[in-house]
Every structure is written in structure tokens, then in C-alpha cells.
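I opened this notebook to record what I looked up in one protein structure. The entries run from the whole chain to single residues.

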Amino acid sequence: MMKSMFAATTLASVGSTLLAGAAFANGPDLVLHNATILTMDAERPRASALAITGQRITAIGGDEAIKALATEGTRVIDLEGKTVIPGLVDTHIHAIRGGQTYTFETYWYGETSLPAALETLRETALGRGENEWVAVVGSWLPEQFDEKRAPTVTELTQSVPDHPVYIQYLYDYALVNAKGMEALKLDSADPAVPPGITIERGPDGKATGKLLGHIGSYNALFAQIAAQDEPRRKASLQAFFTALNSAGMTGFIDPSAGPASSYETLFALQREGKLTIRAGYRIPAMKPGEEAQWFRDVMAFRQPHYEAGLVSFVGIGESIVAAMNDGVQMGPGFAPSKEARDALRTVAEFAAERHIPLEIHAYTDDAAGAILDVFEGVDKNHPLKDLRWAIAHLNTGSERTLNRMKALGLSFTVQMGPYFEGPAIREANGEAVAASSPPTRGALDRSILVAGGTDSTRIGVFGVWQAIEYHVTGRSLGGAIQKPERQRLSREEALQLYTRNAAWIGFAEQQRGVLAEAKLADLAVLDKPFLGMPAEEIDTIRSLLTIVDGKVVHDRLAASPANAR
């Protein structure tokens, strides 16, 4: 059962020795002891204490040795057995876009009945100004409710009669109430909806309140509905990052945040010193049909990938050539044209020659197959194995596709789509495909590097823990699909996707992703015992203490004034 999500270059050995020596001489800033530390470091998988000085972990090991390093100015915390992990990193989350509307949106992650879900809309409306929208945008499923259905337009109107309401079900359809139909002028000669949105009409020609579209058109419509000024967008993004910190997240990679203006809000927080999380981003193609020239232009004065403070650039993605993108197609049948394949070949050759990392969207096995046809051709002249290219989603990826990815040295960034879309995948592909979707187990068994993401905020639950629970239990939302045990991951395997492997996909494995001496101090202290608690409650885990770059960004631990930093 889902729970409520949220309230609102390794150092050289000599360098490491010098760093530790400085800590011994002056005392660390922080010592955590009497802990269960899951280091994710194969050389030392467990420890009970660690010390942090400045940005880095300066010692890790047993309690007595680490406690002895403390001086009068050291904050010393007895964790009483609590679990410590490397900071979580979501490698595929639309955080920059979604975070700017975080405080505007209502979320149905934890709702199990329609009356309760509708009540959240009513409560949100009470705090909204006249004619201001109330919206739920994705990441829910009719099967999660006791009633096993979506709300009706009539119910939306009855629950919130005085404000426009917008409810989006993944990227399948959207519903608006009576006030919403009025606000969008759905029954006028010139409806206020973007191109690509189709208005469903009844026998009388009147709008029913149901809107059909695709990813681009829904995103454009919601951007119109949720339009806010820059101060509100910035405050919302900062609040979102705070929410991520409270889950123990210390970083993310955004695969595509849309137009350049979307990124400026992030950069503003960086300039102001208000970032509390490591923000990686990729650049998408913004000119369909002209993608090759687009990437030549935007990469002309840019390194293939780099890090600047808490912000890093991680290449291009996830929509690289529009005509090669299968959107949210569930079943077979995606067959891109020769022109589309040629366009991808041009972009891929450019990226491979320049050593630019990329992540490319493929929901279906057919889309992945078409992409691999192109990549195999590129690989003949520009080997791909060291470029850290990844295919994202791969919900219905076959064994043949995984074998081809392994041969090319490609990675797999897995997301939560099937957690919500399991019934649709089953209907389009059959029970066997649905039971192994996404094919995480198959990829790991082939030693393909798998990094974890959520794909939130539209198709996924931000904060990572629901995704980790899904990998472990194999149970989709509402129990719609139950993976067999052979398709599930161990807790340690699932955690590695969002720590060690996530750091690797972001070119940061030398600095973080594991807890070890000389690594950057990105970590979280958990409020529940991850390894020992019931698997179906993993999604309830939150952080008591989150540290990014050696700085405390979230703190629920009681600390005496003498030891507070």
C-alpha cells in the first residue's frame, strides 16, 4: 500500500593521507557513530562510524577509532543503530520542470479512495485565489482507488464548483470540471487549448470535459494552466529540492527540462547559493526535424560533460530525434522511417565523435531495436563502449535487445513507468512481458550497468523510495501486476541503482556514490532500518539527516547546542 509521499578523480593515495592527517590534527566537523553504515563500497561494505571534515569523509570504520578523532568543536552524534547510506541520486527525473510547479500541484500518491482523493482537491481550492486552477498531473492510477475507476467530470465539478480543476492521467487523457471547461473556452469557436489537444464532445456537440493529446501537447497545456511569475517558480523549485532532501536525496539528473528558460530558474538558485542538491541536466532537441544542427549549435562552445559546483552538464537527451521517439506507446508496432533513422545516425555520429554522453528514450522493444540498428552502425567507426550512453525506460525490452546493448557497452536507466502502466503493458503485450517489465533483472544478470530513476513528476513518485520498494517487491500500484520472485532485486541491488551506479552514469563515481575515505560527504541517515523492515513499507522511509558536499541540508536529529554546526 502506498503511503503519503511528502508534506508540502578519486584522490591520489598521498592526497587522501594528507586529508586524513589534517582531520586528525584539527578534528573533524562531524562524527556519526553507533550506526549501521551501508557504504556500497565493495572493499568495505559495512562500518559503524565515519568522520566528515569540510566537504569530505576523512575517516570511516569502527566506533572507538572514529570517536577518538573528535575535538571540542566536533559535532558528535550517536545514531543508536540507525542506517546510513550514500545520498540517493535519481538519474531520470524531470525535477527542473516539475519542481517549478511543485507547490501548485496536488498529488494523489497516497490516496486509496475516490472520496479521499476528491477531498484533497477541495482542500487545495480553499487556499487558492479566485479563478486559480487546482491540478493533479499524472502519477496516479484508477486501480489504486477502492472504486477501481477514475473520477468523473461531474464529481470534479461537485467537489470543486468554484475553481477550474485539471486532472491528467499519465499521458493518456485529462479531465476538467465545469469551471475548467469555461476557463479553456471548450465550447467556443476558439478554444484556449494548444495544438495537439483534442476536445471530446458528446452527441450534442458540447465538450464532455475530457481532453486527448500527447506528451508535448499536455505539457504545453499544463504550462498554460500553471503559469506563475519567476519568484513563485523559484520558491517552488527550492521547496521541491527541500522535499527531495527530506527523502535522503543528494542529487539528480534531469533528462530534459524543456526550453532554455526552464533552466534559468535552477541557475538562479545556484547563483544565489540556495541549491541544496546536486543538479545534473541534459539538453534535449528543441527543433523537430532539425535536431542535428540544433546539437551542433548548442554544443559548439560546450565540453561534452562537466561539473561546476552543484550543477553538472551530462550531455544530451532524452528526446534526441523526435521521429525516433515512441512516446508512451505500450505495445509493438513502432516503425520509424528511414529518414528518422538517418537523422539519428547523424546526431549519434556527431555525439560519438565528440565523446558527448547521451540518454535516449525508448518505451518499447521496437523503438529500442530501431535505435540499436543505428548505434551498431555508428559503433563501427566510433566505439561506444566508453561513452556511457544509455537507453531509458525500455519497458518491454527483450533478451535480444539486452544482449545487443551489452555488446555495445550501453547502459540502462530504469524508471517507474510500469509501476503505473502495468495493466496497459499487459493488455498490449501479454502477461509474460508485463511480469518482467521493466527488464531490470535481465539487464543486471548480463552485467549491464543499470542506474535508477523515477521519471517523476508525471510518471513516477519523486523521492526514490517507492521506486526502490517496487524493485524489491515487484508489486505495481494497487497490486495490478505482481512480478515473480526471479524478476525482483535484493535490497542492496536496488539501493545500488540509486547510489553507486547513479554516480557512474553522471561521471562522478570517483567522488561519490559510496561512503569511503576521501569521497565527498553526500549521505543520509534513515529513520527506518532499510535492510530489516517489511519490504512493503520501504516507501515510507525518510531521512533524519541529509548531507550534501559536507553541508547539512536536512536535519531532524536532536543535537545539543554544543555540538550543532
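The entries below begin with the source of the model and then turn to the structure itself.

**Source.** I am working with a predicted model, in which local features need pLDDT of at least 70 and side-chain atom pairs count only at pLDDT 80 or more, whereas totals for chains, interfaces and linings use all residues. Residues are numbered from 1 along each chain as its sequence is written, and side-chain values use heavy atoms, with hydrogens and water left out.

**Whole protein.** I counted secondary structure and found 19 helices and 24 strands; these are DSSP runs numbered from the N terminus, helices being H or I of at least four residues and strands E of at least two. I then looked up the radius of gyration, which is 24 Å and agrees with the value near 24 Å for a compact globule of 565 residues. That radius is taken over C-alpha atoms, and the globule rule is 2.2 Å times the number of residues to the power 0.38. Along the principal axes, the C-alpha atoms fill a box of roughly 80 × 60 × 45 Å.

I noted that 58% of the 565 residues count as buried. Here buried means under 20% relative accessible area, exposed over 50%, and partly exposed in between, with a 1.4 Å probe and protein chains only.

**Helix 13.** I listed the buried residues of helix 13 (residues 399-408) as Thr-401, Leu-402, Arg-404, Met-405 and Leu-408. Seen down the helix axis, they fall within an arc of 160°, so they line one face of helix 13; the arc is that of the directions from the helix axis to the C-beta atoms. On the other side I found Glu-399, Arg-400 and Ala-407 exposed. What do the buried residues of helix 13 pack against? I recorded helix 12 (365-379), strand 19 (390-393), strand 20 (411-414) and helix 16 (440-445), with contact meaning heavy atoms within 4.5 Å. After helix 13 comes Gly-409, with a positive phi near 80°.

Leu-394 is not a glycine, yet its phi is positive, near 50°.

**Met-40.** I found a further positive phi, about 60°, at Met-40, which is not a glycine. Met-40 sits in the loop between strand 2 (36-38) and strand 3 (46-47), and it is buried at a relative accessible area of 12%.

**Cis peptide bonds.** I noted a cis bond joining Ser-437 and Pro-438, with omega about -5°. Pro-438 belongs to the loop between helix 15 (431-435) and helix 16. I also noted a cis bond from Ser-456 to Thr-457, with omega near 25°. Thr-457 is placed in the loop between strand 21 (450-452) and helix 17.

**Glu-469.** Is Glu-469 buried or exposed? Its relative accessibility is 7%, so I counted it as buried. Glu-469 is part of helix 17 (residues 465-473). Leaving aside neighbours within four places in sequence, I found Glu-469 in contact with Gly-474, Ala-535, Glu-536, Glu-537, Ile-538 and Asp-539.

**Lys-206.** I located Lys-206 in the loop between strand 12 (198-201) and strand 13 (207-212). At 46% relative accessibility, Lys-206 counts as partly exposed. Not counting residues up to four places away in sequence, it touches Asp-187, Glu-200 and Arg-201.
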